[in-house]
Amino acid sequence: MKTEKTRVKRSPVVWGLAILLLAATAAVNPDRVEEPKRPGALVQAVERDGLYVELIFERATARVSRRGDGMIRVRMTDRPEFSSFPSFSVIPGEPEIAPLLTEDSEKVILEAGLLRAVVDKQTGTINFLDDRGRPVLVEPPEAGAFFRGEEVGCVKEALPREHYYGFGEKTGPLDKRGESMVMWTSDMPYNRKADPLYQAHPFFMGLRQGRAYGLFFDNTFKSEFDMAKTRPDRFRFSAAGGELDYWVIAGPSPAEVLERYGRLVGTMPLPPLWGLGYHQCRWSYENERQVRNLRDGFLKHEIPVDAIYLDIHYMDGYRVFTFDNKRFPDPAGLIAELKRDGIRTVVIVDPGVKVDPGYQVYDEGVANNYFARHKDGSFFMARVWPGDAYFPDFYRPEVQSWWGDWHQFYFDQGVEGIWNDMNEPAGAGSSFKIASYYIPTGPADWLSMRHGDPPVIPHARLHNLYALFMNQGTWEGFTKHRPDQRPFIITRSGFPGVQRTSLTWTGDNFATWGSMRVSVPMLLNMGLTGLAFVGSDIGGFGLAPTPELYARWIELGVFYPFARTHTANLMPPQEPWSFGKKVTDIARKHINLRYRLLPYTYALFEESTRTNAPVMRALVFEFPDDEAVTNLDDQFMWGKWLMVAPVMRGGRTSREVYFPAGTWFDVYAGTKIAGPVRLKVRAPLDRLPLFARGGAIIPLAPEMRYSTEKPWDHLTLMVFPDKEPSSFTLYEDDKETMAYARGEFSRQKFECLPGPDGVKVMIHAPEGNYPVERKRITLRVYGQDSGAKVEAGPALLEKSYELWTGAWVVELNVEGRESLEVTISNPGK
Ligand code: GLC
């Protein structure tokens with residue numbers, strides 16, 4: 001390579017040729033020189049059949065529609081026809097209808113409840129206002145929509161103190177102001193910087209003075225977002241092809257934006273509870289013996305676990321839907337054996353099917369024409385783990401179904417979860433790698449050969465959707481072959497809508513403090529993109545963590561919505577007990593904490609299925625008016641009530657924590673903190689700084705070896721009274737089947753009612769169709785005086801005051817009781 005380079009440098013002939021070539025490319029590629037085309041003035045606005053308002057500009061046409069209250073869709077094209085390619089992200093819901101159209105001599109107004117679009121007739125720009133007439137999104141006269149060859153895009157105003165969140169799986173800071181990002185699903189090991197990564201989410205949330213809006217650019221081509229980077233007063237989004245098709249979503253709170261976005265593209269389904277337990281993985285536990293040893297390790301070290309993962313070595317020569325019968329002679333027996341200890345088995349599935357005549361999956365794929373092809377009809381081939389592989393053309397529903405049906409093979413062995421990897425799609429050392437990373441728009445390559453209409457679809461349009469379709473196939477396999485169990489699918493790649501079928505882990509990070517730190521803003525922004533069930537490899541995938549790094553990472557990782565340790569091949573052992581006794585104790589303590597918190601966490605997940613609220617939440621989601629949290633990326637909320645401040649630098653025994661306005665409690669010491677304040681808190685190696693927000697009622701389960709070992713018949717309620725009344729509603733069902741969808745669930749409300757001389761805790765009876773067995777409740781009420789009077793009628797079994805936390809601990813017998821009132825009063829006060 002080196003000599004070649006030298007030769008190029010020295011040869012004027014080669015330079016001359018290169019210049020000629022460049023000139024020729026420019027001549028045949030008009031995109032390079034073309035000025036962007038702007039829509040121009042508005043000529044006419046017409047409502048069409050109640051479906052949309054058509055805006056006819058001098059050089060473009062737009063269709064504006066609304067959905068529900070506060071969602072406006074703008075589609076715009078400079079072509080004679082609108083695209084017929086449907087959205088695979090947007091789900092049916094409230095009908096898409098025409099907004100109410102009014103106009104005067106200067107503008108056209110399109111009403112959608114909380115949001116309205118105002119079109120300037122002269123400049124053709126479209127501004128969005130809220131229901132009180134305040135600007136939400138503005139297009140300055142020279143900005144707005146543009147078209148340049150195949151490229152489509154739009155430029156809008158960025159206000160000086162506007163912040164941007166979302167964009168799916170991105171490294172870098174929490175607030176994306178000043179960043180530019182590319183959406184093109186790519187296999188890319190990363191540390192603190194790399195873009196694009198595995199998932200592509202052309203969605204963001206803007207926040208201006210505490211008021212939020214959302215913008216979803218529903219375009220599957222490679223797209224780019226420049227968020228006030230090139231020009232501090234503009235943001236810009238564009239795609240290499242397709243249509244300018246975007247939704248503006250009203251807030252005004254971040255929660256309302258996400259809730260609406262969830263109605264548009266769907267929310268996560270309720271996972272089985274075991275999915276929220278602790279999971280263990282490595283590339284790979286290679287044979288039965290290693291898997292049994294792993295199980296024994298958890299039992300011996302008394303560390304809870306719910307799932308063990310089989311990475312690629314379980315397969316016969318990396319052929320999907322096979323087991324290597326030397327390494328795993330009796331998978332069904334092994335999986336059943338693990339299950340007796342409460343451990344579920346999850347297997348990896350890669351989309352690449354080994355090119356191997358005689359291998360059934362390959363033969364069927366070829367015989368039925370299920371594999372993707374190039375435009376010339378030859379198969380799209382890439383090298384992945386098994387060598388040369390073909391790729392199912394998942395865009396076609398019949399291919400999804402075929403793939404889904406193959407999962408019967410795993411289900412028959414007792415497998416309960418599927419881990420979809422390499423689905424960007426990715427391949428190594430071949431043209432496919434180039435396809436995955438670099439294929440530009442245009443007919444350079446093709447991924448789908450669909451018979452009928454349209455016959456072929458360019459790779460550039462389908463690339464970002466590949467995993468969405470693969471996961472849909474897997475989902476179909478679950479719902480068809482395990483219809484009464486909740487699917488458990490983990491995916492690496494995705495596009496908006498991926499959360500309807502799968503949770504996401506953030507791929508190949510490294511065992512470095514930097515990778516650990518980057519996981520927090522990354523997961524927080526995924527939460528702000530409507531991806532609630534997410535996690536990063538605990539301890540890091542590439543390289544080996546030091547004991548200290550692993551200890552700190554497991555402390556953080558038990559507060560990832562998806563908590564799994566994973567490491568690469570050739571790396572040393574990375575089990576919770578691999579780093580000596582001290583770290584084992586730390587891992588046990590924190591994994592136990594995750595298990596004890598499951599009743600609280602399960603309620604957060606259930607809430608998210610309805611509201612799309614993140615489980616792991618950026619503080620800005622809860623405190624959008626607080627400028628101090630707009631880029632706070634090293635602490636976060638776990639639901640509304642807990643705040644986690646992990647230590648993410650080596651050699652530290654304390655850290656600074658920001659407490660927004662309000663009352664806070666140190667969960668360990670029970671001490672009160674009055675926000676807003678920035679405090680240095682103690683954090684020796686075995687302590688994760690954890691705080692409760694005033695008003696918190698946190699239900700805890702008993703300690704368990706796995707999530708479904710015991711019913712929640714003895715709950716502990718940690719109550720942190722504030723000045724205002726507060727409540728928490730526990731959600732309960734059978735924890736793994738679909739019965740909840742048929743109404744078999746219950747809710748139980750707990751209230752904390754502070755009064756002038758004490759506090760009252762109300763324990764309401766569970767309501768609903770799922771039979772809740774509650775026998776005992778241990779109340780821990782913090783911030784109380786030792787001399788207080790505690791009353792709970794005949795339910796009271798025992799009460800004691802805990803000096804070191806300032807909590808009253810009250811044991812209650814709640815068996816067969818309807819509801820219960822506990823008072824803690826200081827009459828003298
Ligand atoms: C990819 C995945 C990683 C997995 C490996 C082997 O790198 O991201 O998690 O262990 O492939 O299957």
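Biologist: At what distance does an oxygen atom of the ligand lie from an N or O atom in the side chain of Asp311?

Modeller: That distance is 2.5 Å. We call a pair of N or O atoms within 3.5 Å a polar contact; within protein, one atom must be able to donate a hydrogen and the other to accept it, and residues adjacent in sequence count only if both atoms are side-chain atoms. A polar side-chain atom of Asp421 also lies 3.0 Å from a ligand oxygen, and for an N or O atom in the side chain of His566 the distance is 2.9 Å. Taken alone, the ligand exposes 310 Å², and the protein buries 97% of that (Shrake-Rupley method, 1.4 Å probe).

Biologist: What should I keep in mind about the model itself?

Modeller: It is predicted, so local features need pLDDT of at least 70 and side-chain atom pairs pLDDT 80 or more, while totals for chains, interfaces and linings use all residues. Residues are numbered from 1 along each chain as its sequence is written, and side-chain values use heavy atoms, without hydrogens or water.

Biologist: Which residues are around the ligand?

Modeller: A residue is near a molecule if one of its heavy atoms lies within 4 Å of it. Among those around this ligand are Trp283, Trp385, Trp419, Arg492, Trp505 and Phe541. By class, the shell has seven nonpolar, one polar and four charged residues. Here Ala, Val, Leu, Ile, Met, Phe, Trp, Tyr, Cys and Pro count as nonpolar, Asp, Glu, Lys and Arg as charged, and the others, Gly among them, as polar.

Biologist: Is Trp664 buried or exposed?

Modeller: Buried means under 20% relative accessible area, exposed over 50%, and partly exposed in between (1.4 Å probe, protein chains only). Trp664 is buried, because its relative accessible area is 1%. The side chain of Trp664 reaches the backbone oxygen of Pro660 at 2.8 Å. Leaving aside neighbours within four places in sequence, its contacts (heavy atoms within 4.5 Å) include Phe623, Met637, Phe691 and Arg693.

Biologist: Where does Glu243 lie?

Modeller: Glu243 is in the loop between strand 18 (234-239) and strand 19 (244-249). Glu243 counts as buried because its relative accessibility is 10%. Not counting residues up to four places away in sequence, Glu243 touches Arg75, Phe82 and Asn219, among others.

Biologist: How many disulfides does the structure hold?

Modeller: A disulfide is a covalent bond between the sulfur atoms of two cysteines. With the cut-off of a cysteine sulfur pair within 2.5 Å, the structure holds zero.

Methods: Helix = DSSP H or I, 4+ residues; strand = E, 2+ residues; numbered from the N terminus.
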